Amino acid sequence: MANVSEANEKYEVSGKSEKRQMQKEVKRKARSRWRKAVMKNWQLYVLLSPVILYFLVFHYFPLYGLQIAFKDFIASKGILGSPWVGFKHFERFFDSYYFWRLIKNTIGIGVFTLVVSFPVPIILALLLNEVKSLKYKKFVQTVIYAPHFLSTVVVVGMLLLFLKTDGMINQIIKLFGGTPIDFISEPSWFKSLYVFSDVWQTMGWSSIIYIAALAAVDPAQHEAAMIDGASRLQRIFHINIPAIMPTIVILFILNAGSVMAVGFEKVYLMQNDLNMSTSDVISTFVYRSGILEAQYSFSAAVGLFNSLINFIMLIMVNQIAKKVNETSLW
Amino acid sequence: MRESKTDRTFIIFNYIFLSIVALLVIYPLVFVVSASLSNPQYVISGEMWLWPKEFTLDAYEKVFKNKDIINGFVNTVKYTVVGTALNVVMTILAAYPLSRRDLKGRGVIMAFIVFTIFFSGGLIPTYLLIKDLGMLNSFWVMIIPNAVAVWNIIIMRTFFQAIPHELEESAMIDGCGNFRILWSIVLPLSFPVIAVMVLFYSVGHWNSYFQALIYLQDQDKFPLQLILRQILIQGQMDDMIQTTSESFLAQQLSVEGLKYAVLIVANLPMLMLYPFLQRYFVKGVMIGSLKG
């Protein structure tokens, strides 16, 4: 009996090793084939190498450096050598008196921008699509795309020049017998100025993508609807809008996902000591406490908190869109 | 096709509405141009509202006499030219291999690059890295940290993928290496997309101020946008007006005029290129949107 089982075992062992050998052989062949394919295109990898190096250094290394959010960063000890402190910086941020102010302003500006800046380009594209005269259409497009090429500094500079107490807007107000308003330093005006100047600058450019989507609508659909007596408005609502719905949803997900990612550049330029109560957002706070006051760990923690929220928002909006509309990013 | 009555009213309202929108967009721009060419006195009093009043080039003369503005202009041109050159080369280096279906590990490398859109270390870790690399306050800090943009890699890759694969294959059979194929076959066919890239990147460099604000300290390295910020937003003008012979009121007035003129000078390259730019830019947005 013992012999039999021993023999069995031996057989099994030899079977296993045979199998293993075969697997090895297959793997070796696959690997050599792979190596051959790589070698054949080695030049392509040479081309890619500076790009990969760039991303490693300037994008992946900062990700590694993000650990200072959980440490007390001391420059002389470096990122690795600095002591761990857990969630200390996060707690300090959550407990600080400006926490709710920052959250409120960031969400407020983000939602206001989404509600106003998002629909305007869609409406603009739908209306431009109804213009028959190509010359007129081209003219309007040329005009409304132009502000896209102005820099943030220029747009904010123009805003300040026009909105001064003796600026162009207040001249008009005076002309109609009103009293001049100090737009720039009045905190309650900040959000509106931010959002409507944003609409002014971006509506034309953002409409391009919808105009392109509308150009792809099959004219036969419109002809059929016209024969059935549908008016222009009816055709817009029942043909054009459904046709560009997937584009709208995708862009809505992207925009809604970045509601908390209010950009630094324009807010910072429009900020002054007087409107701080409504204009201070997370990104400008990170700049002030991080770069100007050199509280590296603390502001890295605030930045990390903000990007985590952005990411969660993106996923949530995407999930909702998937359920409601069956269109989603992934 | 005849139009019904409701359709006709719709069309009329549509024309009126779009004309108002166009007017709202163009009026501030026209105002800036006219104000820069007017006697500032009329601008402040509100008497100049459309066309220049008491036409003068005084403000422009002051702009071109201002050393800071000229220096900023020259710096911006340098950053834009060198930066854009590096951007375009890097974008090609990334996009061409990634457009090739026979590249092993293509998916992984693409994911490695796209990942950085969604996850980034953020401002502070990046700042510390730049500091450790000793790049603070250097010329290259305006160039290298933004060497390539992921979105533009995707646009260019999409373009390369549309080039018939047979061209590359037949060249390979003739014994062409990949470098040769890229240089003598792919690139000559890619002029439109390279033009789009040059324009995308150069407008970005021309208009950016954030990079300079964070990484540069010396005034003589500042790009034009930072100088503009000092003049328009921080109102640091006192030391910039060199004419001390003017009275206080006259100085205030010339500052006002200079502000409008400097807005024009800062946008001059874009204003002159705009009609030509527009076609290519729109094309670029289209290529990108096909993917997205």
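# Close-up views of a predicted two-chain model

Chain B has an average pLDDT of 84, and 91% of its residues score at least 70. The model is predicted, with an ipTM of 0.86 and a pTM of 0.84.

**Figure 1. Confidence and secondary structure of chain B.** Chain B contains 13 helices and zero strands. Read along the sequence, its pattern is α-α-α-α-α-α-α-α-α-α-α-α-α. Among the elements of chain B, helix H4 (residues 67–99) has the highest mean pLDDT, at 93. Helix H13 (residues 248–291) of chain B has the lowest, at 74.

**Figure 2. Overall dimensions of chain B.** The radius of gyration of chain B is 25 Å, whereas a compact globule of 292 residues would have a value near 19 Å. Taken along the principal axes, the C-alpha atoms of chain B fill a box of roughly 75 × 70 × 35 Å. Of the 292 residues of chain B, 36% count as buried. Among the contacts in chain B with a separation of 6 or more, 71% are between residues 24 or more positions apart.

**Figure 3. The two domains of chain B and the contact between them.** The domain assignment of chain B gives domain 1 as 5–13 + 15–45 and domain 2 as 61–291. The C-alpha centres of domain 1 and domain 2 of chain B are 31 Å apart. Eight residues from domain 1 of chain B and eight residues from domain 2 of chain B take part in the contact. On the side of domain 1 of chain B that touches domain 2, the elements giving two or more residues are helix H1 (5–36) and helix H2 (40–45) of chain B. That side of domain 1 of chain B has six nonpolar residues, two polar residues and no charged residues.

**Figure 4. Spans of chain B annotated as transmembrane.** An unreviewed UniProt entry lists residues 12–33, 77–96, 108–130, 136–160, 181–203 and 257–277 of chain B under "transmembrane region". In the model, residues 12–33 of chain B are 100% helix and 0% strand, and the end C-alpha atoms of this span lie 31 Å apart. Residues 181–203 of chain B are 83% helix and 0% strand, with end C-alpha atoms 30 Å apart.

**Figure 5. The surroundings of B:Ile69.** B:Ile69 is located in helix H4 of chain B. This residue counts as buried because 23 C-beta neighbours lie inside 10 Å. Leaving aside residues up to four places away in sequence, B:Ile69 touches B:Val63, B:Ile227 and B:Val262. B:Ser99 stands 30 residues from B:Ile69 along the chain, and the C-alpha atoms of B:Ile69 and B:Ser99 are separated by 43 Å.

**Figure 6. The contact between chain A and chain B.** In this contact, 68 residues of chain A meet 72 residues of chain B. On the side of chain A that touches chain B, helix H2 (residues 42–65) of chain A gives the most, with 14 residues. By class, the residues on this side of chain A comprise 51 nonpolar, 13 polar and four charged.

**Figure 7. Chain A and its domains.** Chain A has 16 helices and zero strands. Chain A is divided into domain 1 (2–60) and domain 2 (90–325), and the C-alpha centres of domain 1 and domain 2 of chain A lie 51 Å apart. The radius of gyration of chain A is 30 Å, whereas a compact globule of 330 residues would have a value near 20 Å. The C-alpha trace of chain A spans about 110 × 70 × 45 Å along its principal axes. Of the 330 residues in chain A, 32% are buried. Contacts in chain A between residues at least 6 apart in sequence join residues at least 24 apart in 68% of cases.

**Figure 8. Two loop residues with positive phi.** Most residues other than glycine have a negative phi. A:Ala294 is not a glycine, yet has a positive phi of about 60 degrees. A:Ala294 lies in the loop between helix H15 (282–292) and helix H16 (296–325) of chain A. With 13 other C-beta atoms within 10 Å, A:Ala294 is partly exposed. B:Asn137 is also a residue other than glycine with a positive phi, near 60 degrees. The loop that holds B:Asn137 lies between helix H6 (123–132) and helix H7 (150–161) of chain B. B:Asn137 is exposed, because 12 other C-beta atoms lie within 10 Å and a count of 12 or fewer is classed as exposed.

Key: Residues numbered from 1 in each chain as written. Chains lettered and ligands numbered in written order. Predicted model: local features only at pLDDT ≥ 70, side-chain atom pairs only at ≥ 80, totals over all residues. Domains from an automatic or database assignment. Contact = placed C-beta atoms within 7 Å. Helix = DSSP H or I, 4+ residues; strand = E, 2+ residues; numbered from the N terminus. Nonpolar A, V, L, I, M, F, W, Y, C, P; charged D, E, K, R; others polar. UniProt positions renumbered as here; feature names shortened; annotations may be inferred. pLDDT = per-residue confidence, 0-100. Rg over C-alpha atoms; globule rule 2.2 N^0.38 Å. Buried ≥ 20, exposed ≤ 12 C-beta atoms within 10 Å, placed from the backbone.
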